[in-house]
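This briefing concerns a single structure, shown below. Please keep it in view while reading the points that follow.

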Amino acid sequence: MSKSKQLIIIDEELCTGCGRCKDVCPVDAISGIHGEPHKIDSSRCIFCGQCVQTCSAYSSILDEPETPRADKLRERGMFQSTTEPLFAAYCAGDVFEISDALKSDKFTMVQCAPAVRVSIGEDFGMKAGSLTPGKMAAALRRLGFNKVYDTNFAADLTIMEEGNELLSRVKNNGTLPMFTSCCPAWVRYMELNYPDLLPHLSSCKSPQQMSGALFKTYGADINGKQRTEIYSVAVMPCTCKKFESARPEMSMEGHRDVDAVLTTRELAYMIREAGIDFESLPDEDFDKPLGTYSGAGNIFGVTGGVMEAALRTAYELVSGEPVPETDLIFVRGEEGFRIASMTMGEQTFKIAVVAGLTNVAPLLEKVRAGNAEVDFVEVMCCPSGCISGGGQPKVLLPTERDEVYRCRKESMYSHDKNSKIRKSHENPDVQKAYTEFLGEPLGHTSHKLLHTVFGKQDA
């Protein structure tokens, strides 16, 4: 885990001590007095990267800092061709490792998170929220990936597993409320600060890790490969996904589920370095079957999306009837904490959605006291969900941040609205995966591959 200890870094040579990073850190991991370089306590850091998004102290390509720019680029894991300003707060990159893997004899598989497709276009001058899944798939093929799959497939799979886990807990008097476990920064926050409440976390791996586990088993079978031949890459809006992929729990028989993670910005670096004209690329499809997804899987990238996707499926599993309205507007919104309820058959489920970890502590204290009147809770660390993740293209002007996030969010819902399949349990390739390989939700194979155990972490 030594790599994760140095994941989010403040370059003291560039830091002006403005304090903006300290203001947005949800766990008080950043310290320093005004006007002097700040520091990050990695033992407290949850690696969300919100400090990276907010940092405004930089060195432009015209400056020559004390340490040569070429050295700084190398230390940060960035190509020498990079011309963007170097900000003081940054996330250590992995483009060189992945470039080497693409040149090797490994069979490379890549997955893309939902929030990446509504933001990567911004790094190529496209307007905020431009929806580009087809160009992204085309770019990844031109970079040399053998199979271009989609995290959204595993998002649908997560709904199958997590939805059934919730229903099982309700039926068997299990631990409630149940919290989602998709957000690795949230999971780390729980492990560091509320270990006594860990039984409330869903045992599901995140969609990233579910994808990786399937790549090296089901995907290996489909492509006629051995697990050892496969190199698995994830493209994520989130800096903490690098930490998550390196967790020892996220491997099987010595093979990591996900070998390396690129942020949205890092993928843009690789596309530029390869000389690919992103805007001119034709739209291409993701490979099947691990690239097939529903609209429900796509909205995982925005706050409330996991809950909405889960409720669409849970309603039909519980009641045996089609959900009256596919768009569950009552779970959408901008508030950091919101609650609602939904009646399914003869049962009424009380749910909560939390965006931003500063909003979750009051609920956790109620859970600890045994008086939290909710059944199911979605928590995402970043303020608008994954669309505002630490690995996304930076919004340089704070005054434009809300508008950019609004555009990305609208694009996510538009993609869902225009999808032929909008419910996770109706994804035909997810159904096929259960028939051919996984068996049933919460069954032996799915439990072995798609679930994990979280434990107390020392700060």
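The points below cover the nonpolar cores, an open sheet and the salt bridges.

The model is a predicted one. Its largest nonpolar core has 93 residues, and 4 strands form an open sheet with mixed pairing. The count of salt bridges comes to 34.

**Nonpolar cores**

- Within the largest core, L140 and W186 are the residues with the most contacts.
- Helix α6 (residues 133-143) supplies the largest share of this core, namely 6 residues.
- Apart from its neighbours within four places in sequence, L140 is in contact with V110, C112, F145, V148, V235 and L267.
- A second, separate core comprises 25 residues, including C182, A296, V331 and M344.

**The open sheet**

- The strand order is β9-β16-β15-β14, with β9 (178-179) and β14 (337-344) as the edge strands, each pairing on one side only.
- Strands of a sheet pair through backbone hydrogen bonds, in either the parallel or the antiparallel sense.
- The pairing of β9 with strand β16 (residues 376-380) is parallel and extends over 2 bridges; M178 stands opposite F376 in β16.
- The pairing of β14 with strand β15 (residues 347-355) is antiparallel and extends over 8 bridges; the bridge partner of F337 in β15 is V354.
- The hairpin of β14 and β15 has 2 residues between the strands, and G345 takes a positive phi near 60 degrees there.
- In a regular strand, side chains alternate between the two faces of the sheet.
- On β14, the covered face consists of R338, A340, M342 and M344, while F337, I339, S341 and T343 make up the uncovered one.

**Salt bridges**

- Side chains of opposite charge can pair when their charged atoms come close.
- R169 and E165 meet in a salt bridge at 2.9 Å, N to O. Both lie in helix α7 (residues 151-171), 4 residues apart, about one turn of the helix, and both are buried.
- D259 and K216 form a salt bridge whose closest N and O atoms are 2.8 Å apart. D259 lies in the loop between β12 (255-256) and β13 (260-263) and K216 in the loop between α9 (207-215) and α10 (218-222), so the pair ties together parts that are 43 residues apart in sequence. D259 and K216 are both buried.
- R406 and E403 form a salt bridge with the closest N and O atoms 2.5 Å apart. Because they are 3 residues apart in helix α16 (residues 401-417), about one helical turn separates R406 and E403.
- R406 counts as partly exposed at 36% relative accessibility, and E403 is partly exposed at 41%.
- One network, joined by salt bridges that share partners, contains E308, R312, D327, R332, D416, K417 and R422.

Note on methods: Residues numbered from 1 in each chain as written. Predicted model: local features only at pLDDT ≥ 70, side-chain atom pairs only at ≥ 80, totals over all residues. Heavy atoms only, no water. Core = buried A, V, L, I, M, F, W, Y, C linked by side-chain atoms within 4.5 Å. Buried < 20%, exposed > 50% of the residue type's maximum accessible area, 1.4 Å probe, protein only. Contact = heavy atoms within 4.5 Å. Pairing = 2+ DSSP bridges. Salt bridge = Lys/Arg side-chain N within 4 Å of Asp/Glu carboxyl O.
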